[in-house]
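Good morning, and thank you for making time for this presentation. I would ask you to keep the sequence and the model in view while I speak.

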Amino acid sequence: MNDPDQKQEVRAFWNEASCGEVLYLSGTDREGFSSQLQRRYELEPYILDFACFDSFKGKKVLEIGVGLGADHQKFSEAGADLYGIDLTERSVAHTRNRLACFGLKSTLEMGDAEHLAFADESFDLVYSWGVLHHSPDTPKAIAEVWRVLKQGGVSKVMIYHKWSMVGLLLWIRYALLTLRPFTSLKEIYACHLESPGTKAYSIDEAKALFEAFSEVSIHTVLTHGDLLESGAGQRHQGAMLSIGRKVWPRKLIRKLFPGAGLFMLIEARK
Ligand SMILES: C[S@@+](CC[C@H](N)C(=O)[O-])C[C@H]1O[C@@H](n2cnc3c(N)ncnc32)[C@H](O)[C@@H]1O
């Protein structure tokens with residue numbers, strides 16, 4: 001799929017506010033960036049285990065979709081030979097500013113995951129957290145990840161998992177309670193989660209997306225969003241959500257549905 005209008009809508013959405021900016025960024029100085037970084041890894045501790053920032057010292061790393069730049073800061077602190085892109089000037093500016101505040105380095109520019117401006121076989125790691133499902137042509141973006149990876153290089157990618165508690169919550173809110181119970185999850189994610197056209201995948205669909213890679217491991221994580229333990233994202237507020245927070249059966253979900261998390265963590269070797 002090649003839809004320039006949809007790409008423009010995605011860019012406009014994330015140019016309004018970068019991911020987490022409204023909820024967690026108190027200032028664009030060392031203090032503001034530090035407290036956002038701390039809050040990020042309190043809410044999403046699994047990022048640290050998944051990314052293994054410290055193991056990429058001296059390695060050539062590309063991050064696609066840097067957002068506010070917390071993970072980018074961690075790669076830079078670890079001593080990676082670091083490159084980063086984002087579709088929006090806002091995120092590139094935040095990340096440049098963040099790195100400058102800490103005296104850190106990276107080659108940062110605006111860019112599109114579907115058309116990476118890098119030669120074949122350039123990187124040891126391509127990292128992308130919560131990005132590729134926002135791009136209209138996700139298979140093309142993953143083909144680009146494969147292309148720019150060195151032989152034996154690794155990609156670490158988080159994309160959204162279809163069969164998640166967040167999906168159920170959105171379905172209750174935007175399908176059941178609006179008397180449209182047959183609304184598909186595809187439409188729910190595309191219209192009500194984040195940027196227009198956001199997608200979510202089953203594990204089998206994710207395996208198919210990464211079929212060109214030689215080794216692929218996939219697991220899902222129950223997030224603070226699935227458990228309604230945090231601010232629910234810049235689009236979601238209101239009385240219904242406050243009531244939901246009080247009655248949501250977190251213990252039961254953890255016990256009975258540990259695999260029903262929104263985040264699908266994919267590690268794939270070329
Ligand atoms: C949910 S945010 C995630 C940002 C960051 N990785 C994080 O975890 O906070 C999605 C980001 O992906 C970027 N993005 C969306 N489509 C993109 C594309 N085709 N190429 C590059 N970046 C893209 C957006 O501009 C936005 O900054």
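Before I name any pair of residues, one definition is required: two strands pair if DSSP finds at least two bridges between them. With that in place, glutamate 63 stands opposite glycine 84 in strand 2. Please bear in mind throughout that this is a predicted model.

Let me set that pair in its context. Strand 1, residues 60-64, and strand 2 run parallel and are joined by five bridges. Both belong to an open sheet of seven strands, whose order is 3-2-1-4-5-7-6 and whose pairing is mixed. The edges of this sheet are strand 3, residues 107-110, and strand 6, each of which pairs on one side only. From one strand to the next, the twist averages 15 degrees.

I turn to the chain as a whole. It has 12 helices and seven strands. Taken along the principal axes, the C-alpha atoms fill a box of roughly 50 × 40 × 40 Å. Among contacts with a separation of 6 or more, 70% are between residues 24 or more positions apart.

Next, glycine 84, which is found in strand 2. Is this residue buried or exposed? A residue counts as buried if 20 or more other C-beta atoms lie within 10 Å of its own; glycine 84 has 27 and is therefore buried. Its contacts, leaving aside neighbours within four places in sequence, are Glu63, Val66, His72, Thr95, Ser106 and Leu108. The C-alpha atoms of glycine 84 and isoleucine 64 are separated by 6.0 Å, although these residues are 20 apart along the chain.

Helix 5, residues 70-78, lies across strand 1, strand 2 and strand 4, and runs at about 175 degrees to strand 1.

At the other end of the strand order, I would draw your attention to strand 7. Why can strand 7 be called largely enclosed by the rest of the structure? Five of its seven residues, 263-269, are buried, and the description follows from that. Strand 7 runs antiparallel to strand 5, residues 149-160, with seven bridges between them. In this pairing, phenylalanine 263 of strand 7 is the bridge partner of tyrosine 160. Strand 6, residues 215-221, is also antiparallel to strand 7, and seven bridges join these two. Here histidine 219 stands opposite leucine 265.

Tyrosine 201 sits in the loop between helix 9 and helix 10. It counts as buried, because it has 21 C-beta neighbours inside 10 Å. Not counting residues up to four places away in sequence, tyrosine 201 touches Ile159, Tyr160, His161, Lys162, Ala206, Leu209 and Met264.

On the helical side, the buried residues of helix 8, residues 165-176, are Met165, Val166, Gly167, Leu169, Leu170 and Trp171. These buried residues pack against helix 9, helix 11 and helix 12.

Cysteine 52 has a positive phi of about 50 degrees although it is not a glycine. This cysteine is found in the loop between helix 4 and strand 1, and it is partly exposed, with 13 other C-beta atoms within 10 Å. Glutamate 121 likewise has a positive phi, near 55 degrees, in a residue other than glycine. Its place is in the loop between strand 3 and strand 4, and with 13 C-beta neighbours inside 10 Å, glutamate 121 also counts as partly exposed.

I close with the ligand. How many residues surround it, and which are the closest? There are 22, and the closest are Trp14, Cys19, Gly65, Gly67 and Ala113. The elements that give two or more residues to this shell are helix 1, residues 4-16, and strand 2, residues 81-86. By class, the shell has 10 nonpolar, nine polar and three charged residues.

Definitions and conventions
Residues numbered from 1 in each chain as written. Predicted model: local features only at pLDDT ≥ 70, side-chain atom pairs only at ≥ 80, totals over all residues. Near = placed C-beta within 6 Å. Helix = DSSP H or I, 4+ residues; strand = E, 2+ residues; numbered from the N terminus. Nonpolar A, V, L, I, M, F, W, Y, C, P; charged D, E, K, R; others polar. Buried ≥ 20, exposed ≤ 12 C-beta atoms within 10 Å, placed from the backbone. Contact = placed C-beta atoms within 7 Å. Axes fitted to C-alpha atoms, helices over the stretch in contact; angles between N-to-C directions.
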